[in-house]
Amino acid sequence: KACKHAFKTHVGETRCVASTVNGGGKSHHILRMVGEAQRRGESVLYQRVPLREWSSPTTTVELLTAAKARTQTDVITDTSVAFHMDIGHIIPASANTMLFELLLVGLLRDPASCRMYHRQARDSFHLEIPNSPGNKTAKALRFCSLLPTTVLSVDADSLDLETPIFRDAPLCSEVALVEYTEMKFVCRWLKAVKKG
């Protein structure tokens, strides 16, 4: 209840995306959400930030600051950033503390340099939870159990015939949803093989 209140009143949208299998479409799902928002005309930009075994408050503050600078949203005040936190299979011991400070407190501090990253309420954070044997990484990310989570499954109903692509490489902040011609080709080929 307290987390839900914080996200609604002063921190901003925060959610986890998990799946039942590796390659279950977590990145695709996050990119699609941003692409749909941009298609509706919302002023939102995408930025991917990795969280790996080498991550620390120092590197995470640097990566977030650089990602924010690439979008120049301080200049354009009505633009928000959708941060895709791409979490690796191996996480540092400080991962829960860093995520708690960044996502719930709204301020991540680098103790070495005293640099800080202040989360803006208009920005959203989408955490990609990796699949690992026995779901060890998801269990180690105890803080994420407090967050709303979407669990994706791979089946015929979840097949998406649009695919997200970046319109502004190398910035990779604008997402377009285009026809997934490769997927359609594979589906037709499999149908043909099945029919002999």
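Guide: Please keep in mind that this is a predicted model. The sulfur of C144 has its closest cysteine sulfur in C16, at 4.0 Å, which is too far for a bond.

Visitor: What would count as a disulfide, then?
Guide: A disulfide is a covalent bond between the sulfur atoms of two cysteines. The cut-off used here is that the two sulfur atoms lie within 2.5 Å.

Visitor: Let us turn to the inside. Which residues touch the most other members of the largest nonpolar core?
Guide: They are L99 and L127, in a core of 31 residues. The elements giving two or more residues to this core are the helices α1 (2–11), α3 (57–71) and α4 (95–105), together with the strands β1 (14–19), β2 (44–51), β3 (80–87) and β6 (124–128). The largest share, 6 residues, comes from α4.

Visitor: What does L99 touch?
Guide: Leaving aside residues up to four places away in sequence, L99 touches L51, M85, L104, L127, L141, F143 and C144. C144 is thus one of the contacts of L99, and its sulfur is the one discussed with C16 above.

Visitor: New topic: charges. How many salt bridges are there?
Guide: The search of the whole structure finds 11 salt bridges. Side chains of opposite charge can pair when their charged atoms come close. One of these pairs is D160 with R32, whose closest N and O atoms are 2.5 Å apart.

Visitor: Where do D160 and R32 lie?
Guide: D160 is in the loop between β7 (149–152) and β8 (162–166), while R32 is in helix α2 (residues 26–39), so the pair ties together parts that are 128 residues apart in sequence. Both D160 and R32 are buried.

Visitor: Which residue forms a salt bridge with R39?
Guide: R39 pairs with E162, and their closest N and O atoms are 2.9 Å apart. R39 lies in helix α2 and E162 in strand β8, so this pair ties together parts 123 residues apart in sequence. E162 is partly exposed, with a relative accessible area of 24%.

Visitor: Which residues are linked in a network?
Guide: R32, E36, R39, D160 and E162 are linked in a network of salt bridges.

Visitor: And what about K184?
Guide: The side chains of K184 and E179 meet in a salt bridge, at 2.6 Å from N to O. K184 is partly exposed, with a relative accessible area of 23%, and E179 is partly exposed as well, with 46%.

Visitor: Finally, the surface. Which residues make the nonpolar patch?
Guide: F185, V186, W189, L190 and V193 make a nonpolar surface patch of about 540 Å². F185 has its place in helix α6 (residues 181–195).

Visitor: Why does F185 count as exposed?
Guide: F185 counts as exposed because its relative accessibility is 57%, and the cut-off for exposed is over 50%.

Note on methods
Residues are numbered from 1 along each chain as its sequence is written. This is a predicted model: local features need pLDDT of at least 70, side-chain atom pairs count only at pLDDT 80 or more; totals for chains, interfaces and linings use all residues. Side-chain values use heavy atoms; hydrogens and water are left out. Patches are made of residues with over 30% relative accessible area and no salt bridge: like charges are joined within 9 Å, nonpolar side chains (Val, Leu, Ile, Met, Phe, Trp, Tyr) within 5 Å. Accessible areas come from the Shrake-Rupley method with a 1.4 Å probe; for residues, only the protein chains shown count as cover. A salt bridge is a side-chain nitrogen of Lys or Arg within 4 Å of a carboxyl oxygen of Asp or Glu. Helices (H or I, at least four residues) and strands (E, at least two) are DSSP runs, numbered from the N terminus. Buried means under 20% relative accessible area, exposed over 50%, partly exposed in between (1.4 Å probe, protein chains only). A nonpolar core is a set of buried Ala, Val, Leu, Ile, Met, Phe, Trp, Tyr and Cys residues joined through side-chain atoms within 4.5 Å. Contact means heavy atoms within 4.5 Å.
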